[in-house]
Amino acid sequence: MKNRSFKYISILIQLFLSIYLCAYIIYKLTLNYDASLSIVENIYIYFPIFIQEIAYLLLAIQLYQLPDINKQIDNKLLHFNLILLSLDGIVIFPLSQELLWNFILPPVAAGKIHLFVMLASALLFFVGGLHSNEGGTSKYKASPIFALIFTMLVVNFQQISSPTTNLPFASIIPSNSFIEFVIIVAILAIISYFPSYWNDRSVHNLVRIISFSVLILATTVLRLYFILPFIVSMISIILLVLSMILYVVNLKSYTI
């Protein structure tokens with residue numbers, strides 16, 4: 001019953017975040033179209049976030065609809081991770097150069113949330129990998145909490161730059177050392193899934209490992225899409241969608 005309630009609450013939060021951010025993007029695109037602003041620039045800024053919000057929402061709905069055979073720890077953590085990744089869509093506010101968002105969410109707060117999502121999502125994937133193929137016992141519960149507390153401490157000591165005229169989204173650009181740290185954690189998260197194959201060498205588990213690995217890779221890259229070449233972002237979005245499809249199909253086939 002508790003698991004069902006958690007899934008119900010998580011899907012409501014997911015719905016709110018994704019629908020709100022997608023509606024904002026459509027609103028901004030409409031304004032920019034009326035103002036005859038560059039279509040290419042609009043696609044570069046808004047398209048990656050829009051696709052991600054839709055993808056995270058659809059995956060969350062699929063997870064919600066699955067029966068409670070979905071008891072592996074990494075699957076449970078994915079519910080929360082999807083909320084975090086959707087929350088990171090707030091980077092669209094400084095990227096769109098919207099002035100009003102400063103009154104709702106100060107630049108420093110937006111930057112801190114962005115950094116928190118980057119590191120926390122990677123750490124939760126890492127925790128999921130360490131406990132992959134384990135049931136939902138109580139022994140793992142301290143790990144996600146520790147990961148979130150650790151993330152808050154690290155982010156608290158990170159300096160956030162103030163927006164400037166030439167760089168209005170400076171507050172969401174992490175330091176090089178922080179980016180390197182997140183990449184290291186993401187690599188460790190991918191590696192953490194592979195030992196489970198020695199205990200379960202089924203095709204189902206191998207596909208599961210591959211889908212999580214590609215998902216971690218894509219989400220890590222997409223946290224920085226606004227400072228990467230557009231082609232890299234597009235490849236990452238394709239990998240993101242493919243990994244989600246592979247994950248759901250594999251999980252549903254196993255459930256049946």
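## Packing of α3 against α6

In this predicted model, helices α3 and α6 are roughly antiparallel to each other, because the angle between them is about 165 degrees and angles over 145 degrees fall in that class. Their axes are 9 Å apart, and the crossing is left-handed. Helix α3 covers residues 73–87, and helix α6 covers residues 107–130.

The residues that α3 brings to this contact are D74, L77, L78, F80, N81, L84, L85 and L87. From α6, the partners are I113, F116, V117, A120, S121, L124, F125, V127 and G128.

## Packing of α6 against α7

Helix α6 also packs with α7, at an angle of about 150 degrees and with the axes 9 Å apart. This angle makes α6 roughly antiparallel to α7, and the crossing of these two helices is right-handed. On the α6 side, the contact is made by K112, L115, F116, L119, A120, L123, L124 and V127. On the α7 side, it is made by S143, P144, A147, L148, F150, T151, M152, V154, V155 and N156.

## Aromatic pairs

The model contains twelve aromatic pairs. One of them joins F146 and F150, whose ring centres are 6.4 Å apart and whose planes form an angle of 20 degrees, so this pair is stacked; the cut-off for stacking is under 30 degrees. F146 and F150 are four residues apart in helix α7 (residues 142–156), and therefore about one helical turn separates them.

The two residues of this pair fall into separate accessibility classes. F146 is exposed, at a relative accessible area of 58%, whereas F150 is partly exposed, at 31%. Elsewhere, F16, Y20, Y24 and F93 are joined by ring pairs into a cluster.

The C-alpha atoms of P107 and S162 are 6.9 Å apart, although 55 residues separate the two in sequence.

S171 is placed in the loop between α7 and α8. This serine is buried, with a relative accessible area of 2%. A polar atom of the S171 side chain lies 3.5 Å from the backbone oxygen of P107.

## Position of L188

Helix α8 spans residues 176–193 and contains L188. L188 is partly exposed, with a relative accessibility of 42%. The distance between the C-alpha atoms of L188 and F126 is 6.6 Å, and the two residues are 62 positions apart along the chain.

## Overall organisation

The secondary structure of the protein consists of eleven helices and zero strands. Of the 256 residues, 48% are buried.

Among contacts with a sequence separation of 6 or more, 81% are between residues 24 or more positions apart.

Notes:
Residues are numbered from 1 along each chain as its sequence is written. This is a predicted model: local features need pLDDT of at least 70, side-chain atom pairs count only at pLDDT 80 or more; totals for chains, interfaces and linings use all residues. Side-chain values use heavy atoms; hydrogens and water are left out. Rings of Phe, Tyr and Trp (its six-membered ring) pair if their centres lie within 6.5 Å; planes under 30 degrees apart count as stacked, over 60 as edge-to-face and the rest as tilted. Buried means under 20% relative accessible area, exposed over 50%, partly exposed in between (1.4 Å probe, protein chains only). A polar contact is a pair of N or O atoms within 3.5 Å; within protein, one must be able to donate a hydrogen and the other to accept it, and residues adjacent in sequence count only if both atoms are side-chain atoms. Axes are lines fitted to C-alpha atoms, for helices over the stretch in contact, and angles run from 0 to 180 degrees between N-to-C directions. Angles under 35 degrees count as roughly parallel, over 145 as roughly antiparallel, 65 to 115 as roughly perpendicular and the rest as oblique. A crossing is left-handed if the near helix is turned anticlockwise from the far one by less than a right angle, and right-handed if clockwise. Contact means heavy atoms within 4.5 Å.
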